[in-house]
Amino acid sequence: MSDRLPPRRPQIIAVANQKGGVGKTTTSINLAAAMAEEGLRVLVVDLDPQGNASTGLGIDRTDRNLTTYELLVDDVSLADVIQPTQTDGLSIIPATVDLSSADIELLSNEKRSFLLYDALHRDEIAGFGFNYVLIDCPPSLNLLTVNAMVAADSVLVPLQSEFFALEGLSQLMLSVREVRQTANPDLRIEGIVLTMYDKRNNLSLQVEQDARENLGELVFETLIPRNVRVSEAPSFAMPVLSYDPKSQGAMAYRALAREIMTKHKKMAA
Ligand code: ADP
Ligand code: MG
């Protein structure tokens, strides 16, 4: 027990990249599951109107009456929006397409960037006993993503091992800098994780080399391989760690979880 993070105050990580299809949701779900497997308590906040994290973690559409939309817009309490999942220790605040209108509805609200921050503090997220909160962001640098960055301790960036992967990263970093200057000076970059990596493909090797040269220590050692089991798991409404615990994908997400948890233990020491 003693080498774990104290349960009081969760580390809040926004999983963000304005490109779609780079592995944000996959990383949110499976990193969360890997942390839960280590005995930690983890909350996934689905902040994407597509609701893929909710679907991937088995929350039926009919069970999404209270969602991140109600949390942000209607001030519904945390206790009312948090739902357990089939995975021990792993909970979720689900999302529906309703959330897509939040962006517009909130434009006139002066505190529009602080809604998630306020929601987490209004009901003292610390009291829920989570070790980690992972926020699955939409594929855009919109108000929802800004809300995630304002509420977070750090930003985790999945980078697809593909041509042009590094493009767009500077725009993301600019948003991080803006949030630091205006709302959240302590916001860190948790790291950049290469996803859908194929070691037989020169392009993957090239992207990795470019990323490590340009971004150095920010790039996680762990590479997430392209693995068909990872892409199949959501249609069975479970993390790949449950769907195929011994798959390459499951093992990679366990390694990523350990890399992050080890870093946080060092930071806390
Ligand atoms: P985002 O949330 O950034 O839009 P997703 O996590 O939904 O991206 O991933 C996009 C697609 O790629 C999904 O169909 C997903 O199943 C697939 N995918 C993600 N990571 C992997 C992986 N490591 N191996 C195989 N397929 C993957
Ligand atoms: Mg997604």
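1. Is Lys 19 buried or exposed? Lys 19 is buried, with 20 other C-beta atoms within 10 Å; a residue counts as buried if 20 or more other C-beta atoms lie within 10 Å of its own, as exposed if 12 or fewer do, and as partly exposed in between, with C-beta atoms placed from the backbone. Its place is the loop between strand 1 (11-15) and helix 1. Leaving out residues up to four places away in sequence, Lys 19 touches Pro 139 and Gly 168, where contact requires C-beta atoms, placed from the backbone, within 7 Å. Ser 204 is 185 residues from Lys 19 in sequence, with 18 Å between the C-alpha atoms.

2. On conventions: this is a predicted model, in which local features need pLDDT of at least 70 and side-chain atom pairs count only at pLDDT 80 or more, while totals for chains, interfaces and linings use all residues. Residues are numbered from 1 along each chain as its sequence is written, and chains are lettered from A and ligands numbered from 1 in the order in which they are written. Helices (H or I, at least four residues) and strands (E, at least two) are DSSP runs numbered from the N terminus.

3. The model has an open sheet of 7 strands in the order 3-4-2-5-1-6-7, with mixed pairing; two strands pair if DSSP finds at least two bridges between them. Strand 3 (83-84) and strand 7 (188-195) are the edge strands, each pairing on one side only. Although strand 7 is an edge strand, 6 of its 8 residues are buried, so strand 7 is largely enclosed by the rest of the structure. Strand 7 pairs with strand 6 (residues 154-160) in the parallel sense over 7 bridges, and Ile 192 is the bridge partner of Val 157.

4. Strand 4 (residues 90-93) takes part in both senses of pairing: parallel with strand 2 (residues 42-46) over 4 bridges, and antiparallel with strand 3 over 2 bridges. Leu 43 stands opposite Ser 91, and Gln 83 has Ile 92 as its bridge partner. Both faces of strand 4 are covered, with Leu 90 and Ile 92 buried on one side and Ser 91 and Ile 93 buried on the other. In a regular strand the side chains alternate between the two faces of the sheet. The hairpin of strand 3 and strand 4 has 5 residues between the strands, and Gly 89 there takes a positive phi near 85°.

5. Which residues have the most contacts inside the largest nonpolar core? They are Val 42, Ile 135 and Ala 148, in a core of 82 residues. Such a core is a set of buried Ala, Val, Leu, Ile, Met, Phe, Trp, Tyr and Cys residues joined through C-beta atoms within 7 Å. Beyond its neighbours within four places in sequence, Val 42 contacts residues including Ala 32, Met 35, Leu 90 and Phe 130.

6. Glu 124, which is not a glycine, has a positive phi of about 50°; Glu 124 lies in the loop between helix 6 (115-122) and strand 5 (132-136) and is exposed, with 10 other C-beta atoms within 10 Å. Met 196 likewise is not a glycine and has a positive phi of about 50°. Met 196 lies in the loop between strand 7 and helix 9 (202-215), but counts as buried, with 23 C-beta neighbours inside 10 Å. Most residues other than glycine have a negative phi.

7. Ala 95, in the loop between strand 4 and helix 5 (99-105), counts as buried with 29 C-beta neighbours inside 10 Å. Apart from residues up to four places away in sequence, Ala 95 touches several residues, among them Asp 46, Asp 48, Ser 54 and Thr 67.

Conventions
Contact = placed C-beta atoms within 7 Å.
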